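Student: I have a model open and some questions about it. Can we go through them one at a time?

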Amino acid sequence: MHPLLIVFLVFGIPAGFALGWVFLRGSESLRRYILTRIALTLPMVLILISVVFFVLRVMPGDVVSSTLGPKASEETRQNIMEALGLDDPLIVQYFRFLGDVVTLDLGDSFIGARRPIVDELGERLPATLELIIPAAIIALGSGLLFGTYAAIRRKKPVDYSLRLYSVIIYSMPIFWLGLLLRLVFSVWLDWTPIAGRIDVVTNTTLERTTNLLFVDSILSGNWAALKSVLRHMILPAATLGLVLSGVFVRLTRINVIETLQEDYVLAARARGIRERIVTYSYALKNAMIPVVTVIGLQVAILLAGAVLTETVFNWPGMGRYLIERISARDFQAVQSTVAVFALFVALISLAVDVIYSVLDPRVKY
Amino acid sequence: MRQYMKIILLVVVLTMVAAACGSDTTDTTEATTDTTAPTATTEAPTTTPTTEPPTETTEPAGPTTIIIGTTDTVSSLDAADAYATADWELIKAFNEPLLRFQPGSNSVLEPGIASLPVASDDGLSWEVTLRDGLVFGDGLELTVEMAVEQLNRLMNVDLQASAPNQVGNTLAIPYVESIEAVGDDTIRFNLLGPAGFFPQILAGAPYTITHPDYFALDEMNLLPASPIYGLGPWIITENTAAEQTVLEPNPYYNGSYPAKVDRIIVQRFASPSAMADAVREGEIDVAWRILGAEAADELKTVDGLTVETIPQAPIRYLIVNHADGFVTSDPLVRQALAAAIDRDELSDVVFGGAVTPLYSQVPPGFLGANEAFEDAYQAPNLDLAVSLLEEAGYSESNKLQIDLGYPPEHYGVTTADGVLLVAQQWEATGLIDVNEISQEWSTYVSDCTNGVAFDVCVLGWFFDFPDAENYLQPFIEGDGLGTMVLCPNESCGDATTTGIDPLLGSLLIDQRAETDLDARAAILEQLQDVYADAVVTIPLWLEPEFIIYRDGIVGDSSLPNPQTLNIGPDFEFLYSVLEVTN
């Protein structure tokens, strides 16, 4: 089975069940809303990939000149343009691309070995997922923890420190933070590997099924590989996660502060419920609602951040792939990658809206 | 609920701490006991072996692994298509070529899977004889008919038209008329015209004989599923385009350079800095291509690392547009530009002295190479430049306007800095205004080589085959990659050029037909003098390349240049020479 399909099943089946459960248990208006959102997702993705398709075509430069350089004769250039279908009318190329997307084929890459793009994404997408999922956990976990702590220590030194941290960390360039962490933890302290997803030699012993190395090492019972994967994951995920944690710290803090001033919190305290339960169970749960909304928006930023993080840490994911292919004018790969990104962000956005409705029963659609 | 949260948190923290505290870095120079077979990404062709592997000459010295880092990517492993240096390196690892350059040598030819070639009296055909007992890595025996069929993939016009890199259209079809079998073990190459440098072409990766089950006669297979078998000392057991290529010894190899270690892993890096860090921290054993002078310089201070410069390298040069209508169509202007360049300053200021100034388009070490530009202009010679410009009608009130193109990133920032310094040197004449035009590579390269956008533009060059011909012909014949020096012809479009010495074209043809080396060297020297006088291009410097390796990794001391792991001026890295000594 193709790794890309396995990855989609790994994430799609639980997500599908969850969505189905919410759909069946939800109100009539919620069901209508979910259907509407799904229906709107398709034209949104279509518009996005169409814009990308035409913008790429008006950009100066072409894939043949870019890849063959000065050694490309005019005859060679024409041969390759013809072989790639780039001499066809634009509208023909456009509908051919749409056909590829609809059939989930995505066509072949224009450069290198001209491999099927689904194969290339099958290697790259799992790497990116393996980076952004722990990064999201770090961002959300540390954001909620620090934000709540700052709220309950409001106007204390720790509050000021965490607020300062949130501003500094969020405004820090990702590549710079990555290089800094690598210098400290990999070069000076030698605690973590310099780069990559897994130790080079250990990699040769790992049987790959999903290309999610964390999953593959567990499935194959290769604990040396699992250890190596975790060690390699720490710094890139921390880099990406910490930068994004800044916004969650500030958002959580302000919402917890507001929630702690609500009457029901006062009532809970009056009933003698312990402060920790009041804060983390009563206040934080309600403060989570706007945070969940922001998570959806942050996914796009997470993917953008992954581009730089992958470059710094030699992480062979979608971000690096996209940069390489834009430089080489590999239109087919770029538009296909953007289509996958767009679909990914749209589905996360849909999931966030659904979760929102579960968290806050007052929300009506 | 709280207890569960605590337990989960504890598990997560303990996992992270345990992972962070341990070390999974495998010491690759010590015995590796893991024998797990690497997993092929898809099913490979299943040719039934027809021969049992020999057991005595191919036994590796010890269970060792060497990890070679690179910033190169693999585009094609099909010999009938591949063109890039990194691709050729891997192809020659699993597929020994007909001939090879002696590792570490200055392009000395020696037999590969075939004998050194013998030319017919008229120089129009060359014959090589295959080595006995040639067997592919999966046990398939090679026949001469099979060899000829596979080589003819280079000559298949339809196949080449579909090839992304079209190497056959560059290194076979322009020279070779046909390839045929003679007897049981001889291959004859019938040429379209005399070509004294044809043996050098035969030593290239395109003239390796590929396995028929992987590389079909009518279809390109750019990245076959591993394992990939050939006639070379290695088998590619695993290949993931973005990450690594794993090579293990070919048990059927019976040539001169059998593998000395258990496994070579070629690990790919996204950036030179990531590779530099990896070699510094011992995560890779060797860093090879493309690192840059600055990173190499920093690594010289690291204990346990050896940093070596490869003695010959790609060149950087300026394309000068000779087409009528451009200011550089005036020979006085071209000569003034050549006279005003200070190559020593370029080397010292931009590269800290790390590059070698280049005074001919043909680098030192090649047959007939001279210093024609130094002889002609004694550059920097501002007085000569000024007098030439004044003779051409320029003055301080009527300055020469030059459009100078360069790509900001493609060749690295140092090349861009070098071009900007050249602009300053020209402006120092007081009679030239330079308009520096920076363009992104994909648009720049066609604008530069089409000869329509710039008066002068910078490019890099590395040979397809190590011969002076390959440093001169591309800039003279056809559109000269934008020099337009011999226009009009079928490659020039509407461009016309006047006043070029006709010797430029005729000497190029004469040297091809000359089989006596001394006579050919003399023609090449004369050709370079005419080239410098016409200022077809302006050579600038040799771009350095570095190899960095850890203590304990050694090359073959019986071959030239063991200090560079036997990588010679031809840039060929033969993995089979590598050994681990501790």
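This is a predicted model: local features need pLDDT of at least 70, side-chain atom pairs count only at pLDDT 80 or more; totals for chains, interfaces and linings use all residues.

Student: Is Asn566(B) buried or exposed?

Tutor: Count the C-beta atoms around the residue. Asn566(B) has 25 others within 10 Å. The cut-off for burial is 20 or more, so Asn566(B) is buried.

Student: What is the phi of Asn566(B)?

Tutor: Most residues other than glycine have a negative phi. Asn566(B) is not a glycine, yet its phi is positive, at about 65 degrees.

Student: Which residue is joined to Arg289(B) by a cis peptide bond?

Tutor: Most peptide bonds are trans. Here omega is about -10 degrees, and the bond is cis. Arg289(B) is found in the loop between E11 and H8 of chain B. Its cis partner is Ile290(B).

Student: How many other C-beta atoms lie within 10 Å of Arg289(B)?

Tutor: Phi of Arg289(B) is positive too, near 60 degrees. The residue is buried, and burial needs 20 or more such atoms. For Arg289(B) the count is 21.

Student: Where is Pro380(B)?

Tutor: The peptide bond from Ala379(B) to Pro380(B) is cis, with omega near 5 degrees. Look between two helices of chain B, H11 (372–377) and H12 (382–391). Pro380(B) is in the loop that lies between H11 and H12.

Student: What is the handedness of the crossing of H6(A) and H15(A)?

Tutor: On the H6(A) side, the contact is made by Ile117(A), Glu120(A), Leu121(A) and Leu125(A). H15(A) brings Gln332(A), Ala333(A), Ser336(A) and Val340(A). By class, these residues divide into 5 nonpolar, 2 polar and 1 charged. The crossing is right-handed.

Student: Which residues have the most contacts inside the largest nonpolar core?

Tutor: Nonpolar side chains tend to be buried together in soluble globular proteins. This core has 265 residues, and its largest share, 18 residues, comes from H11(A). Those with the most contacts inside the core are Leu240(A) and Cys457(B).

Student: How many residues does chain B bring to the contact with chain A?

Tutor: Chain A brings 44 residues. Of these, 16 are nonpolar, 16 polar and 12 charged. Chain B brings 51.

Key:
Residues are numbered from 1 along each chain as its sequence is written. Chains are lettered from A and ligands numbered from 1 in the order in which they are written. Two residues are in contact if their C-beta atoms, placed from the backbone, lie within 7 Å. Ala, Val, Leu, Ile, Met, Phe, Trp, Tyr, Cys and Pro count as nonpolar, Asp, Glu, Lys and Arg as charged, and the others, Gly among them, as polar. A nonpolar core is a set of buried Ala, Val, Leu, Ile, Met, Phe, Trp, Tyr and Cys residues joined through C-beta atoms within 7 Å. A residue is buried if 20 or more other C-beta atoms lie within 10 Å of its own, exposed if 12 or fewer, and partly exposed in between; C-beta atoms are placed from the backbone. Helices (H or I, at least four residues) and strands (E, at least two) are DSSP runs, numbered from the N terminus. A crossing is left-handed if the near helix is turned anticlockwise from the far one by less than a right angle, and right-handed if clockwise.
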